Amino acid sequence: MKEVFNYAKEKMSKTTSVLKNDYAALRAGRANASVLDKVLVDYYGVPTPINQMAAVSVAEARILVIQPWDKSTLNSIYKAIQSSDIGINPQNDGSVIRLTFPQLTEDRRKELVKEVKKTAEDSKVAIRSIRRDCIDKLKKMQKASEITEDDLKSGEDELQKITDGFIKDIDALSSAKEKEVMEI
């Protein structure tokens with residue numbers, strides 16, 4: 001039974017980590033290097049993340065500076081950012097690339113909050129699905145006479161406690177991100 005709980009905790013932790021990464025990549029009007037995580041540059045035929053080719057730093061609250069270690073990759077990085085879906089136009093001055101994050105409009109903030117809530121709800125559905133799978137495993141164990149009916153009931157209660165803890169974490173992450181998005 002313990003392996004079922006460990007499996008549930010591991011899977012639910014991964015779901016929470018994915019949510020954190022999704023939120024980190026969500027553009028909230030502030031310069032954040034993680035918006036570039038999904039942008040890949042063709043570097044000698046190999047798709048390479050920008051953070052492996054350049055120093056990415058936050059110069060000011062809304063300006064991100066990308067300084068390639070190899071100056072010959074500057075144009076490749078520039079083109080990759082332009083063709084990506086991050087929605088920011090890069091400025092190339094010949095030695096560094098600057099990304100200026102525009103101030104968010106009220107409508108855009110509300111759209112982002114909806115996106116934050118939807119992502120959180122998707123994560124909660126995934127958590128509940130993991131719980132359901134684990135309860136099914138416990139029921140199979142009980143059917144195979146590996147555990148008693150009382151063990152099944154206590155196992156279901158324990159899984160519910162684990163699930164509630166992760167749902168609470170997701171709610172906390174979601175409300176923190178909503179607050180960040182709505183700040184001016």
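Predicted model: local features only at pLDDT ≥ 70, side-chain atom pairs only at ≥ 80, totals over all residues.
User: Okay, and how do I describe two packed helices?

Analyst: You use the angle between their axes and the distance between the axes. Here, take helix 1 (residues 2-25) and helix 4: their axes cross at roughly 10° and come within 11 Å. With a cut-off of 35 degrees, helix 1 and helix 4 are therefore roughly parallel to each other.

User: Which residues make the contact?

Analyst: On the helix 1 side they include Phe5, Met12, Leu19 and Tyr23, and on the helix 4 side Leu159, Ile162, Phe166 and Ser174 are among them. Sorted by class, the contact has 10 nonpolar, 5 polar and 4 charged residues.

User: Let's zoom in on serine 174. Is serine 174 buried or exposed?

Analyst: Buried means under 20% relative accessible area. Serine 174 has 6%, so it is buried. It sits in helix 4, which spans residues 149-182. Leaving aside neighbours within four places in sequence, serine 174 is in contact with Tyr23, Val116 and Ala120.

User: And where is valine 181?

Analyst: Valine 181 is in helix 4 too. Its relative accessible area is 0%, so valine 181 is buried.

User: How far apart are valine 181 and arginine 128?

Analyst: You can count that in two ways. Along the sequence, valine 181 and arginine 128 are 53 residues apart. In space, the two are 27 Å apart, C-alpha to C-alpha.

Methods: Residues numbered from 1 in each chain as written. Heavy atoms only, no water. Helix = DSSP H or I, 4+ residues; strand = E, 2+ residues; numbered from the N terminus. Buried < 20%, exposed > 50% of the residue type's maximum accessible area, 1.4 Å probe, protein only. Contact = heavy atoms within 4.5 Å. Axes fitted to C-alpha atoms, helices over the stretch in contact; angles between N-to-C directions. Parallel < 35°, antiparallel > 145°, perpendicular 65-115°, else oblique. Nonpolar A, V, L, I, M, F, W, Y, C, P; charged D, E, K, R; others polar.
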